[in-house]
Amino acid sequence: MLADTAIKFENMNKYFGTFHVLKDINLDVAKGERIVVCGPSGSGKSTLIRCVNALEQYQSGHLYVDGIELDETPGTIRKVRNHVGMCFQHFNLFPHLTALENCTLSPIFTHKIPKAEAEKQAMDYLAKVRMEGFAHKYPSQLSGGQQQRVAIARSLCMKPDIMLFDEPTSALDPESISEVLDVMVDLADGGMTMMCVTHEMGFARKVADRVVFMDAGEIVEVNDPEGFFANPQEERSAKFLKQIINH
Amino acid sequence: MFELYFGEMARWNDGLILTAVMSTLSVVIGFFVALPIALARSKSKGIPGWLALGYVNVFRGVPLLVLMFLIYYGSGQFSRELRSIGLWWFFRDAYYCGLLALVLNTAAYQAEIIRGSLDTIATSVLETNAALNLTRWTSFRRVLLPIAFAKALPPLGNEYILMVKATSLLAIITVFDLMGQARMIFSETFDLRVYYIAAAHYLVLVLLIEWVLRRVEARIKWMA
């Protein structure tokens, strides 16, 4: 395994009961690489990235994250999650905590960082996502796009090497989508390893190093964005692209 | 009516304070007893879960008055054993026995209230806690419990109000709460209007609690 590999899927299979969700997944993600995962709904793309921080368990094959092979032991899972941050479709901010408190909770109680230091660091990240003026607001007082940006800052406060995004803009209005995508572009420019499930093809073109197209639990095509959009190699990807462009 | 109140004001005040103290103490202590029971009911499928269910079934199933009789009068049967283990000072006192019965009873109801709201917390919250690598304790103490408490606040307030009125049973085991004072004054005056005054006290106390609860609920602005 290469030293600069961040995530490595090796013949990975996952089942939900008898349903075969992920079929023989093989994929290497290099450090600093930006991967966009797309595909029709139900194709397993969310499940794929949820395996990376062990929100889902896989049944056969191997998955290495930052050189650690993921198994089902709590110790390993904890170690891997220390390297991986995640943003969810519905932001999942804690409703009873302010933006700042959302960002400092895990640093203070998981990493045992002194409160003052955690707050200073959280303010830096909130500034990075342009939310420093809203540090003391509760999630219910923020718009969707603002909540998602706080959620990104919250993940960054854990100093991850890898960031996972599970349809981060699907629940947002067009205006909020661009403010969240701008933050994600900044993050990509900063060299973060990213795996992003998204239907934002403009974003994929702009920042992705590679696009992974999935259908029915399989990786159908891995291609660079220009090649993928201009000249898809597989019939299924071509069909998918036609559908999202024509709507 | 006025002379029944103003003439006996010291006793009414004593009764009112005792009723407020006993109901508040039992609800607060009961809350902390209820927490582990609720957690076991909600999260444990093994023996703790069964024990918690057993507790809830027993103490919701036994009438509070019967429980008070069993603890206060029943413990007298074991006075020698209780003396030998140094607990007699507790069980010979009607106030402690009454409080214990109230706590055991309300803890069963509160455990079910809290379990209910713990169970309504979405799995997405649990996933977020996992993704942020929160420890189990931090996840419970800092995330699940505050959210569950906020959701449970209206039914917990309801339970508080029920407990205020349930304390009137204490009078039967010789405690001088509001009802105890009312019975005492009645036995001296044989004037049934005494009980109107007692009723008015309860009503005022309950309205006061309702007002406080409304303000607390309004303060939890993040619920919106």
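Trainee: How many residues of chain B are in contact with chain A?

Mentor: In this predicted model, 19 residues of chain B are in contact with 21 residues of chain A. Contact here asks for heavy atoms within 4.5 Å.

Trainee: What is the area buried between chain B and chain A?

Mentor: About 2000 Å², with carbon and sulfur atoms giving 62% of that area. The size of an interface is often given in this way, as the accessible area lost when the parts come together.

Trainee: What makes R50(A) and E127(B) a salt bridge?

Mentor: Set the distance against the cut-off. The closest N and O atoms of R50(A) and E127(B) are 2.6 Å apart, and the rule asks for a Lys or Arg side-chain nitrogen within 4 Å of a carboxyl oxygen of Asp or Glu, so the pair qualifies. The count between chain B and chain A is one salt bridge. Nine residue pairs are also found in polar contact across this interface.

Trainee: Which helices of chain B supply at least two residues each to the side that touches chain A?

Mentor: Helix 8 (123–131) and helix 9 (136–166) of chain B. The residues on that side of chain B divide into nine nonpolar, six polar and four charged. As for chain B as a whole, there are eleven helices and zero strands, and its C-alpha trace spans about 70 × 50 × 25 Å along the principal axes.

Trainee: Let's turn to chain A. Why are strand 2 and strand 5 of chain A said to stand at the edges?

Mentor: Four strands of chain A form an open sheet in the order 2-1-4-5, with antiparallel pairing. Strand 2 (19–30) and strand 5 (68–69) each have a single partner strand, so one side of each is left without a neighbour in the sheet.

Trainee: What makes strand 4 and strand 5 of chain A a pair?

Mentor: Two bridges join strand 4 (residues 60–65) to strand 5 of chain A. Pairing needs at least two bridges, so these antiparallel strands meet the rule. V65(A) stands opposite I68(A) in strand 5.

Trainee: How many bridges join strand 1 of chain A to strand 2 of chain A?

Mentor: Eight, and the two strands run antiparallel. Y15(A) has H20(A) as its bridge partner in strand 2. Their hairpin has two residues between the strands, and G17(A) takes a positive phi near 65° there. Helix 1 (residues 45–52) of chain A lies across strand 1 (5–16), strand 2 and strand 4, running at about 120° to strand 1.

Trainee: How do you know that E56(A) forms a salt bridge with K14(A)?

Mentor: Their closest N and O atoms are 4.0 Å apart, and the cut-off is within 4 Å, so the pair is counted. E56(A) lies in the loop between helix 1 and strand 4 of chain A and K14(A) in strand 1, 42 residues apart, so the pair links distant parts of the chain. Over all chains, the search finds 20 salt bridges.

Trainee: Which order do the strands of the six-stranded open sheet of chain A have?

Mentor: The order is 6-7-8-3-9-10, with mixed pairing. Strand 6 (84–87) and strand 10 (218–223) are the edge strands, each pairing on one side only. Neighbouring strands are turned by 20° against each other on average, direction ignored. Within this sheet, four bridges join strand 3 (residues 34–38) to strand 9 (residues 210–215) of chain A, which run parallel, and V37(A) stands opposite V212(A) in strand 9.

Notes
Residues are numbered from 1 along each chain as its sequence is written. Chains are lettered from A and ligands numbered from 1 in the order in which they are written. This is a predicted model: local features need pLDDT of at least 70, side-chain atom pairs count only at pLDDT 80 or more; totals for chains, interfaces and linings use all residues. Side-chain values use heavy atoms; hydrogens and water are left out. Buried area is the accessible area (1.4 Å probe) that two parts lose on being put together, summed over both. A polar contact is a pair of N or O atoms within 3.5 Å; within protein, one must be able to donate a hydrogen and the other to accept it, and residues adjacent in sequence count only if both atoms are side-chain atoms. Ala, Val, Leu, Ile, Met, Phe, Trp, Tyr, Cys and Pro count as nonpolar, Asp, Glu, Lys and Arg as charged, and the others, Gly among them, as polar. Axes are lines fitted to C-alpha atoms, for helices over the stretch in contact, and angles run from 0 to 180 degrees between N-to-C directions.
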